[in-house]
Amino acid sequence: MDGFTIAGARDRLTKGDLSARELTQTAIKAMEAARPLNAMITETADKALDMADAADARRKSGEAGLLNGIPLAIKDLFCTEGVLTTAASHILDGFHPPYESTVTANLWKAGAVMLGKANLDEFAMGSSNETSFYGPVKSPWRRRDDNAGLVPGGSSGGSAAAVASGFALGATGTDTGGSIRQPAGFTGIVGIKPTYGRCSRWGIVAFASSLDQAGPMTRTVRDAAIMLRAMAGFDAKDSTSVEAPVPDYEAALGQSLKGLRIGIPKEYRVDNMPAEIETLWQQGIAWLRDAGAEIVDITLPHTKYALPTYYIVAPAEASSNLARYDGVRFGLRVPGKDLTDTYERTRAEGFGAEVRRRIMVGTYVLSAGYYDAYYLKAQKVRTLILRDFEEAFGKVDAILTPTAPSTAFAVGAKTNDPVEMYLNDVFTVPVNLAGLPGMSVPAGLGSDGLPLGLQLIGKAFDESTLFRVGEAIERAANFTARPEKWWEAAR
Amino acid sequence: MTDPAKNYVEGATGPWEIVIGMEVHAQLQSQSKLFSGASTTFGAEPNSQVSFVDAAFPGMLPVINGKCIELAVRTGLGLKAEINLHSVFDRKNYFYPDLPSGYQISQFLQPVVGKGKLVIDLPDGSAREVGITRLHLEQDAGKSLHDQSPNLTFIDLNRSGVALMEIVSEPDLRSAEEAGAYLKKLRAIVRYLGTCDGNMEEGSMRADVNVSVRKPGQPFGTRCEIKNVNSIRFVQQAVEYESRRQIDIIEGGGKISQETRLFDTGKGVTRSMRSKEEAHDYRYFPDPDLLPLELDAAWVEELRRNLPELPDDKKARFISQYGLSPYDAGVLVAEQESAHFFETVAKGRDAKMVSNWITGDFFAALNKSGQSLQDFVIDAEKLGGLLDVIADGTVSNSLGKQVFAAMLESGKDAMAVIDEKGLRQVTDTGAIDKAIDAILAANADKLAEYRSGKDKLFGFFVGQVMKAMGGKANPAALNDLLRKKLAP
């Protein structure tokens, strides 16, 4: 699978010197070889081959879609009809949805092939993929001269590992506070969180409804452009989805950056941020300037309030969204002596520690007497954060920042300190709070040999500019590093 | 404004004033639910009208049903209320098995309809204005069935997600009678508008009744809320019982504690359900799955223009156009069908006579039959035919009642009954003369008494002649002829 990209595979499939079945068979073999990564909760090899055959048949009859025959991993937060869907939680034991999420349905309509359901943090709550009931995902990457297991980031850690290790050409992710961009940054791949409302949330297990957004994780910017076009679109079943035409994002690629203004927010520097991240950021600025863009210093003064605001809004919504997991209609039920006891046992056993923590935080901030001080204030700050961006976008076309304040860390390194873990999202959460598109592009390696990403933030519904600028960074960075396949030996 | 003192109830320590506010849940007459496409038909097989949204499956999202918004706004307009062009749906969070999502979507801080008013009609013919605080939209919950198994509770989610309007009144009502009048008027308005069928026995309308008592002129007392009362009669019984209970407690030196109570329809008493301390913290917050509801002012105006004539306007028109009494007009407009029936019959006829007949014998017979106006054996045309033959003297008014009774039984029209039974009124003076002569001859003693000044006996002779003629004599002609015969 090495060397394959969606665009490259598409060209070979079109030419006919490769069949979808051959490609899928290779992907399945690679997926099986990568099992030590624990990237997948459910593998659907048989289904994948059936879908590949159907793709080949469509190709013959001239009905090939945008992603015809392209094997993908699907984050196990997307409901897939008849296929176990877990959200990486014990509480969804045995849940086989009788419906298909809009985003995955769009992908299958475009001809894509499902390899299986990718591991994630439980209910997408986490930044390291260590909160999964199905065990942590191991990053394909290792530090130079160090065999310690590293996290792939989260919550879309399985998706990131699937793409970075090479068995999937792309994967779906969801991003509530950085869950696409941070793991993309940690694993040296491209990930874009589109504008809120660009992709339908229908059929995606909800974490925080006002923040959740689906997006693609791929090896290249071009692949992300191709995949997002297939995923996106208005959906009458999601009241927050936006009726705006989905452009051909690929067409934006390769255009000159001349005349584009790129904003550099002075607030995106945090205490103890490694110098190499600042250096990489400066490098990114230089690349874009060289490519013809104008660099503009901007200020996003409320940035420092974004993380606390996020950790009020997201748990508040989650505490309500997760009330439906009560053991009555689907998933796990732990019988108790009466109704309340059944609720309590089911939820205590069914939810992991991080999910329980967020349900409690969310319940607290919505409670009588605390609502005004926490939830209401957070909503007001959220408006201020959005206003910061709106003012900035009066002066610039896109904003460049680091994706995360560090490279990937070791499995277990931050599991005992939730606040330390939450700090990983410091550069990504403001984008979700403002509903804007954000993309992580691999830009270099840290001194430890691990990937580092740069984040581009765009105007609402202007993903095209992100692809255009992102590809310029990709070209300048010429990021070709791939993890060594230690897992093949580990089997 | 009526005299408030007439509603006071006597306690051991003097008069008390009862204060009542109502929260009425009215199910919207929409084909599908508030946020899903599932059907709302009453009485379907359990769990046969449940979508994945209603059952709160993972990843399912609510989408507002535009028809429900229209019906709620129309109701608001019917209550002469402010329509809020911007309103918000909130989540009300609590755990219960018949609430699958663990939250009810409702409107808390920003309802779609604001302040309005409703005029209640009282039995003495007076009317009084009651303030409407707000009207908001919310989802109904499912139903827990505890009586299907000795050790299991079953859940029916057919109602889950059905659209309700919660209509909240100001604490403006002062007696059980007024509470009943409020419900009757509200039901009439929603039925006129076609926004709710108002069938309380099917649960389409249910009332939460807030009751407190106070000494006249004092601030409001502590209130108790009686939940889910499902008939006008029960609401009145509940108010009677609850106000008396509160008065007794206070007069016994006790204090009222704010709580939620249930009305036991079997025993006619209210019982504590949960105290204020046990009340849920519902953790309301705006539902992030739904955008705020933005209404177009022009659309609202369009709805306003197309409102039907509502009970109060119709009543005023009946009074001025037909010269009816406020009471009769009120009775006729209580249901849209009866108002329409009246106007159909009154066309080209004496409206007062039509009104008297409809609100009298006709309604009595209709109520006795238990049928609806639509299915009743005597339709507008038949009643009109009867009134015509009374008006033109073919039968007298009292004979008309006999004809009416026969029509009820046979379903035939008035003329057919009259011909069949030979009830046609006799105006032939010769025949009446003959009958008078016979009666006077047979009652010589009475005749003598009359002649000696006992004028009252005139009525006796009229009755005897009428009886002898089987009631068919034309009353005017009979009076006329008898007077001549008796003249000295």
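This is a predicted model: local features need pLDDT of at least 70, side-chain atom pairs count only at pLDDT 80 or more; totals for chains, interfaces and linings use all residues.
Let's walk through a few of them, and then the interface.

Q: Which element gives the largest share of the side of chain A that touches chain B?
A: Across this interface there are 15 residue pairs in polar contact. On chain A, the elements that give two or more residues to the touching side are helix H9 (306–321), helix H10 (339–350) and helix H11 (353–366). The largest share is five residues, and the helix that supplies them is H9(A).

Q: How many charged residues does the side of chain A that touches chain B have?
A: In contact terms, 38 residues of chain A meet 29 residues of chain B. Sorted by class, the chain A side has 20 nonpolar and 10 polar residues, and its charged residues number eight.

Q: What percentage of the area buried between chain A and chain B do carbon and sulfur atoms give?
A: The size of an interface is often given as the accessible area lost when the parts come together. Here the area buried between chain A and chain B is about 2800 Å². Of that area, carbon and sulfur atoms give 61%.

Q: How many residues apart in sequence are the parts that A:Lys117 and A:Asp76 tie together?
A: These two residues form a salt bridge, with their closest N and O atoms 2.8 Å apart. A:Lys117 lies in strand E3 (residues 113–118) of chain A, while A:Asp76 is in the loop between E2 and H4 of chain A. The pair therefore ties together parts whose separation in sequence, in residues, is 41.

Q: Which helix of chain B holds both B:Glu70 and B:Lys67?
A: Side chains of opposite charge can pair when their charged atoms come close. The side chains of B:Glu70 and B:Lys67 meet in a salt bridge at 3.8 Å, N to O. B:Glu70 is partly exposed at 23% relative accessibility, and B:Lys67 is partly exposed at 40%. The two lie three residues apart, about one turn of the helix, and that helix is H1 (residues 66–78).

Q: What is the relative accessible area of A:Asp11?
A: A:Asp11 forms a salt bridge with A:Arg10, the closest N and O atoms being 3.8 Å apart. A:Arg10 counts as partly exposed, at 22% relative accessibility. A:Asp11 is partly exposed too, and its relative accessible area is 42%.

Q: Where in chain A does A:Gly82 lie?
A: A:Gly82 is in contact with A:His96 and A:Pro97, leaving aside neighbours within four places in sequence. The C-alpha atoms of A:Gly82 and A:Phe95, 13 residues apart along the chain, are separated by 8.8 Å. As for its place in chain A, A:Gly82 is in the loop between strand E2 (71–75) and helix H4 (102–109).

Q: How far apart do the C-alpha centres of domain 2 and domain 3 of chain B lie?
A: Chain B is divided into domain 1 (4–303), domain 2 (306–421) and domain 3 (429–486). Between the C-alpha centres of domain 2 and domain 3 of chain B, the separation is 33 Å.

Terms used:
Residues are numbered from 1 along each chain as its sequence is written. Chains are lettered from A and ligands numbered from 1 in the order in which they are written. Side-chain values use heavy atoms; hydrogens and water are left out. Domain bounds come from an automatic or database domain assignment. Contact means heavy atoms within 4.5 Å. Buried area is the accessible area (1.4 Å probe) that two parts lose on being put together, summed over both. A polar contact is a pair of N or O atoms within 3.5 Å; within protein, one must be able to donate a hydrogen and the other to accept it, and residues adjacent in sequence count only if both atoms are side-chain atoms. Helices (H or I, at least four residues) and strands (E, at least two) are DSSP runs, numbered from the N terminus. Ala, Val, Leu, Ile, Met, Phe, Trp, Tyr, Cys and Pro count as nonpolar, Asp, Glu, Lys and Arg as charged, and the others, Gly among them, as polar. A salt bridge is a side-chain nitrogen of Lys or Arg within 4 Å of a carboxyl oxygen of Asp or Glu. Buried means under 20% relative accessible area, exposed over 50%, partly exposed in between (1.4 Å probe, protein chains only).
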